[in-house]
Amino acid sequence: MNKEIATQVFESLASGVRLDVYRLLVKAGLEGMVAGQIASTLAIAPNNLSFHLKAMTHAGLLSVAQEGRFQRYRANIPLMLDLIAFLTEECCAGHPEQCASLRSASSCSPAVLPSLAPELNPTTSCDCKD
């Protein structure tokens, strides 16, 4: 990931509605949701939702597949993981063992945090989150 793509993703998520949509689709997982389900779950007018879905799809945050007369949306989880890696790739100046205290201060479940062992994650020097 580069700075331009990261900026585009952040700009696309700079809306409470879009954050809600993305988090809902992350929760839905690989099944995703059709636009009508998203609108009813989040109590958003379909025309308003359509505007946000288009912007998020354009930014690469969502994928969309036509299913008959419906469109099914799915969160682009790999893109978000790439963004997290981009943000944290220089964490701890290449000494991942120093991230242990930062990780314990995080509200993230240890189950979702990547290993600190550099040999298991050679693409980044440290994947701590805060």
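Visitor: What do the buried residues of helix 1 pack against?
Guide: In this predicted model, the buried residues of helix 1 pack against helix 2 (16-28), helix 4 and helix 5 (77-88).

Visitor: Which residues of helix 1 are buried?
Guide: Helix 1 spans residues 3-12, and A6, V9 and S12 are buried in it. They lie on the same side of helix 1, because they cover an arc of only 130° around the axis.

Visitor: Why would residues spaced like that point the same way?
Guide: An α-helix has 3.6 residues a turn, so residues three or four places apart point the same way.

Visitor: And which residues are exposed on the other side of helix 1?
Guide: On that other side, K3, E4 and E11 are exposed.

Visitor: What happens at the start of helix 1?
Guide: There, N2 places a side-chain oxygen within 3.0 Å of the backbone nitrogen of E4.

Visitor: Stepping back, how many helices and strands are there in the chain?
Guide: The protein chain has six helices and three strands. Starting at the N terminus, the order of the elements is α-α-β-α-α-β-β-α-α. The chain has 130 residues, and 34% of them are buried.

Visitor: Which residues of the largest nonpolar core touch the most other members?
Guide: Those are Y22, L25, I38, L61 and L62, in a core of 21 residues. At least two residues of this core come from each of helix 1, helix 2, helix 3, helix 4, strand 3 and helix 5. Helix 2 gives the most, with four residues.

Visitor: What does L62 touch, leaving out residues up to four places away in sequence?
Guide: L62 touches Y22, L25, L53, M56, T57, Y73, R74, A75 and N76.

Visitor: Now the strands. Do strand 2 and strand 3 run parallel or antiparallel?
Guide: Strand 2 (residues 62-67) and strand 3 (residues 70-75) run antiparallel, and six bridges join them. One of the pairings is that of E67 with F70 in strand 3.

Visitor: How many residues are between strand 2 and strand 3 in the hairpin?
Guide: Two residues lie between these strands, and G68 in the turn has a positive phi of about 65°.

Visitor: Where is R72 found?
Guide: R72 is found in strand 3.

Visitor: Is R72 buried or exposed?
Guide: R72 counts as buried, because its relative accessibility is 14% and buried means under 20%.

Visitor: With which side chain does the side chain of R72 make a polar contact?
Guide: The side chain of R72 makes a polar contact with the side chain of E67, at 2.9 Å. A polar atom of the R72 side chain also lies 3.1 Å from the backbone oxygen of E31.

Visitor: What else is R72 in contact with, leaving aside neighbours within four places in sequence?
Guide: Besides E31 and E67, the contacts of R72 include G32, M33, V34, Q37, S63, V64 and A65.

Visitor: A change of topic: which phi does A43 have?
Guide: A43 has a positive phi of about 55°, although A43 is not a glycine. Most residues other than glycine have a negative phi.

Visitor: Where does A43 lie?
Guide: A43 lies in the loop between helix 3 (35-42) and helix 4 (46-58).

Visitor: And why does A43 count as exposed?
Guide: A43 counts as exposed because its relative accessibility is 72%, and exposed means over 50%.

Key
Residues numbered from 1 in each chain as written. Predicted model: local features only at pLDDT ≥ 70, side-chain atom pairs only at ≥ 80, totals over all residues. Heavy atoms only, no water. Buried < 20%, exposed > 50% of the residue type's maximum accessible area, 1.4 Å probe, protein only. Pairing = 2+ DSSP bridges. Arc of directions from axis to C-beta. Contact = heavy atoms within 4.5 Å. Polar contact = N/O pair within 3.5 Å; in protein donor to acceptor, adjacent residues only side chain to side chain. Core = buried A, V, L, I, M, F, W, Y, C linked by side-chain atoms within 4.5 Å.
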